[in-house]
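User: I'm new to this one and would like to learn how to read its features. Could you walk me through them?
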Amino acid sequence: MFVVLLLSGMEGHAQLIDKNTISEKGKTADEPRNRSSTVMAGDSLIFAEDFSAFQPGTIATSFKTNGAATVRRVEGQKGKWLEIGNREIYKFSNPLYYPRRFTLSFDIIAKAEQVKDIAPLSFGFASDNSVHHYASNIGTYVQLHYYDTDQVNIGSSKPEKFVNKTFELEPWVNRPLHIVLSVDGERMAVYLNEVKLADEVFFSPAAAKNFYITAPWQYANDSAVLVSNFKVSGFKE
């Protein structure tokens, strides 16, 4: 009887483990097991913008674009947000000096009835600060494929590199998704909601860095993307 009870207990324990096992692709961003504790923000502030100085409906002069940099409020969310128009590119109005090691963070709200209403959004670092031409995946980039629901492409043109990752984007519709780009020389680590998706060499040694966001090429059903809470910080060491 003791053997039967022991075997039964082992079987029950095995079933419990199997029930709670989740594949890498199936993990959601809210699960603690999928979080990384290695995100370290810089301790020396270089630039910050949360659009608090701008009235809703006015233009944010801290950004330049080939479209309109309009500040909005988002129902149910705190603060003010910059609305990203379709087929538009956005860069800081004044180019920043980035030290060798720094972090750049911001929040994205994908406002939609469903995640598939939004075409891909890209952000990263370009070689210049011009906004004359709209283009996605330029320089070193991160591209969120909203209409694919879970695809994130990370890459670079110099050196040529392409990394495809999965991250569930649907849970982040209509609430802020926190982005951190952590740069150390030629390397860049990419975090979405504290989940590290990549940590690779994405820059050539002499690469110029100009942060940009390129808007989705299409929105459906009155969807929109808005961004805020930008912070660029270096390290004192």
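User: How many aromatic pairs does the structure hold?

Analyst: A pair of aromatic rings is described by the distance of the centres and the angle of the planes. Here, in a predicted model, there are 17 such pairs. To count, rings of Phe, Tyr and Trp (its six-membered ring) need centres within 6.5 Å; planes under 30 degrees apart are stacked, over 60 edge-to-face, and the rest tilted. Take F51 and F230: their ring centres are 6.4 Å apart and their planes meet at 85°, so this pair is edge-to-face.

User: Where do F51 and F230 lie in the chain?

Analyst: F51 is in the loop between β1 (44-49) and β2 (63-65), while F230 belongs to strand β15 (residues 224-234). That makes them 179 residues apart, so to speak a link between distant parts of the chain. Strands are DSSP runs of E with at least two residues, helices are runs of H or I with at least four, and both are numbered from the N terminus.

User: Are F51 and F230 buried or exposed?

Analyst: Buried means under 20% relative accessible area, exposed means over 50%, and partly exposed is in between (1.4 Å probe, protein chains only). F51 has 0% and is buried; F230, at 2%, is buried as well. Now try F63 and F92: with centres 5.2 Å apart and planes at 70°, the pair is edge-to-face. F63 sits in strand β2 and F92 in strand β5, so the pair ties together parts 29 residues apart in sequence. F63 is buried at 5%, and F92 counts as buried at 3%.

User: What about charged side chains, and how many salt bridges are there?

Analyst: Side chains of opposite charge can pair when their charged atoms come close. The structure holds six salt bridges, each a side-chain nitrogen of Lys or Arg within 4 Å of a carboxyl oxygen of Asp or Glu. One of them joins R72 and E83, with the closest N and O atoms 2.8 Å apart. R72 is in strand β3 (residues 71-72) and E83 in strand β4 (residues 81-84), so the bridge ties together parts eleven residues apart in sequence. Both ends are partly exposed: R72 at 36% and E83 at 26%.

User: Which residue does D128 meet in a salt bridge?

Analyst: That's K91, at 3.3 Å from N to O. D128 lies in the loop between β7 (121-126) and β8 (140-145) and K91 in strand β5 (residues 89-92), so parts 37 residues apart in sequence are tied together. D128 is partly exposed at 39%, whereas K91 is buried at 2%.

User: Where does a charge sit over a ring?

Analyst: The rule asks for NZ of Lys or CZ of Arg within 6 Å of the ring centre and within 35 degrees of the ring normal. The charged end of R175 is over the ring of W172, 3.9 Å from its centre. K209 has its charged end over the ring of F203, at 4.5 Å from the centre.

User: What should I keep in mind about the numbering and the cut-offs?

Analyst: Residues are numbered from 1 along each chain as its sequence is written, and side-chain values use heavy atoms, leaving out hydrogens and water. As this is a predicted model, local features need pLDDT of at least 70 and side-chain atom pairs count only at pLDDT 80 or more, while totals for chains, interfaces and linings use all residues.
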